[in-house]
Structure formats: C-alpha cells, structure tokens
Amino acid sequence: AKRAPLAAELARELTEYHRRLGASPASLANLDRLVRGEAVATVAGQQPAPLGGPLYSLHKTASAIGLAADVTRRTGAACVPLFWMHGEDSDFAEIRGVSVADAELSLHELRLPDAAHTEGQLVGNIGLDAVRELGTEAIQHWQGLPGHADVLALLTRSLAHARDLGEAASALWLALFAEQGLVVVDPRLPAFRAAARPIVER
C-alpha cells in the first residue's frame with residue numbers, strides 16, 4: 001500500500017479542523033499517523049444531512065472501522081478509518097428531509113425549508129439556523145424515549161463549533177466514533193482542493 005506524508009498546509013488545516021470540531025485523542029492520533037505517512041485508510045462517505053442523514057451512513061462508517069481493524073490485524077500495517085464528508089454535493093432535495101419516530105412509533109417527516117438552500121449551492125455550506133430548528137423539532141418528538149438527554153447533548157455538541165451543515169455533520173461523526181479514532185475529510189478545505197487539483201485535471 002502507498003503511504004506518504006501529507007503536504008504541510010493540508011496537514012495543518014486537517015489538524016485545526018479536527019481540533020476545532022472536538023475530535024477525540026484517538027482521532028487526533030490516527031490523523032497524525034496519516035499526516036506522517038505511517039498509515040493507510042479505509043474510507044466511507046456520505047453527503048451531510050440533518051441529524052446525520054440516512055441510517056446506512058452509520059452502517060457504512062461502522063463497516064470502515066471494522067475493516068480498518070481487520071487490515072491492521074491481518075497485515076500489521078496501521079490502518080485508520082476515514083469518513084469523507086461530501087459537503088461539495090449540491091443535491092438539496094436528496095438531503096433536506098428526515099423521518100423520525102416518536103414514543104408511540106408514529107412517523108414524522110421533517111424537512112429543511114426551501115430558504116435554507118439556493119440553486120447550485122453546496123449542501124455543506126447550508127447555514128445552521130434551519131439545521132438547529134429541525135433538530136429541536138426532532139428532539140421534541142423524542143421526548144420520553146430512552147437516551148433523549150444523550151441525543152440532545154450530542155446534537156448540541158455537534159453544533160457548538162460548527163459553521164455550517166458540513167461541519168456539523170463532521171462534528172457529529174467525530175463524536176459518535178470518538179473511541180474508534182475516526183478521521184474526517186472535508187473536501188472543501190482550501191489545501192485539500194489545492195492538493196486534489198492536479199489529480200482532477202489529469
């Protein structure tokens with residue numbers, strides 16, 4: 001497997017991004033392994049969406065984590081799980097809605113308002129006001145369910161230092177998979193775009 005240190009500016013931006021969004025020591029350690037070119041990665045990814053998006057996003061990420069551990073066990077090579085937060089997608093219709101069930105198992109369809117997005121805008125750049133409102137509505141439907149307070153704390157934490165939907169999704173994933181050392185990539189980072197440009201233009 002190919003392993004090489006990351007460019008200094010990309011390493012700096014990724015580290016700052018993870019620290020600002022509350023990454024765990026395990027995630028920061030795995031990021032450092034990638035930065036120094038001492039690890040390979042298993043990759044899962046998904047567009048950002050309210051409340052983390054579809055359930056299979058969790059399944060994909062959990063699978064990448066399990067596969068990373070299996071690669072390390074079988075080969076002895078350091079392998080870290082990585083989540084590609086695809087904030088550069090622009091399909092608002094695909095990510096705007098979420099279905100939640102209440103304590104009576106009644107389903108509620110929640111949607112970001114039309115005003116949250118403009119045509120052609122990256123979904124990762126959607127502002128947090130509408131995201132917070134949808135999260136508040138979901139929390140209200142979950143009143144009385146086990147884990148309600150934990151979910152509220154998790155959503156509040158994911159929004160605390162985020163600047164948009166993309167960062168909120170990254171922060172949520174970093175919190176959910178903190179112990180497993182998940183690393184997140186946001187392709188909107190300037191240094192990432194600069195590093196990818198020669199490959200895209202090839």
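Buried means under 20% relative accessible area, exposed means over 50%, and partly exposed is what falls in between. With that in hand, here are close-ups of a predicted model.

**View 1. Leu 51, a leucine with a positive phi.** Leu 51 sits in the loop between β1 (40-46) and α3 (55-75). Its relative accessible area is 24%, so Leu 51 goes down as partly exposed. Look at the backbone here: phi of Leu 51 is near 60°, and this isn't a glycine. For context, most residues other than glycine have a negative phi.

**View 2. Leu 105, another positive phi in a residue other than glycine.** Here phi is near 65°. Leu 105 belongs to the loop between β3 (97-101) and β4 (107-111). With 71% relative accessibility, Leu 105 counts as exposed.

**View 3. Helices α5 and α6 packed at about 175°.** Helix α5 covers residues 128-141 and helix α6 covers residues 148-160, and their axes are 11 Å apart. An angle over 145 degrees counts as roughly antiparallel, so that's the label for α5 against α6. On the α5 side, the contact is made by Leu 128, Val 131, Arg 132 and Ile 139. Facing them from α6 are His 148, Val 151, Leu 152, Leu 155 and Leu 159. Sorted by class, that contact has 7 nonpolar residues, 1 polar and 1 charged.

**View 4. Asp 164 in the loop between α6 and α7 (165-176).**

**View 5. Trp 84 and Phe 192, an edge-to-face aromatic pair.** The model has 3 aromatic pairs. In this one, the rings are 5.3 Å apart centre to centre, with 75° between the planes. Trp 84 is in strand β2 (residues 79-85) and Phe 192 is in helix α8 (residues 190-200), so the pair ties together parts 108 residues apart in sequence. Trp 84 is partly exposed at 29% relative accessibility, whereas Phe 192 is buried at 17%.

**View 6. An aromatic cluster.** Phe 83, Trp 173 and Phe 177 make up this one.

Definitions and conventions. Residues numbered from 1 in each chain as written. Predicted model: local features only at pLDDT ≥ 70, side-chain atom pairs only at ≥ 80, totals over all residues. Heavy atoms only, no water. Axes fitted to C-alpha atoms, helices over the stretch in contact; angles between N-to-C directions. Helix = DSSP H or I, 4+ residues; strand = E, 2+ residues; numbered from the N terminus. Parallel < 35°, antiparallel > 145°, perpendicular 65-115°, else oblique. Contact = heavy atoms within 4.5 Å. Nonpolar A, V, L, I, M, F, W, Y, C, P; charged D, E, K, R; others polar. Phe/Tyr/Trp six-rings, centres within 6.5 Å; stacked < 30°, edge-to-face > 60°. Buried < 20%, exposed > 50% of the residue type's maximum accessible area, 1.4 Å probe, protein only.
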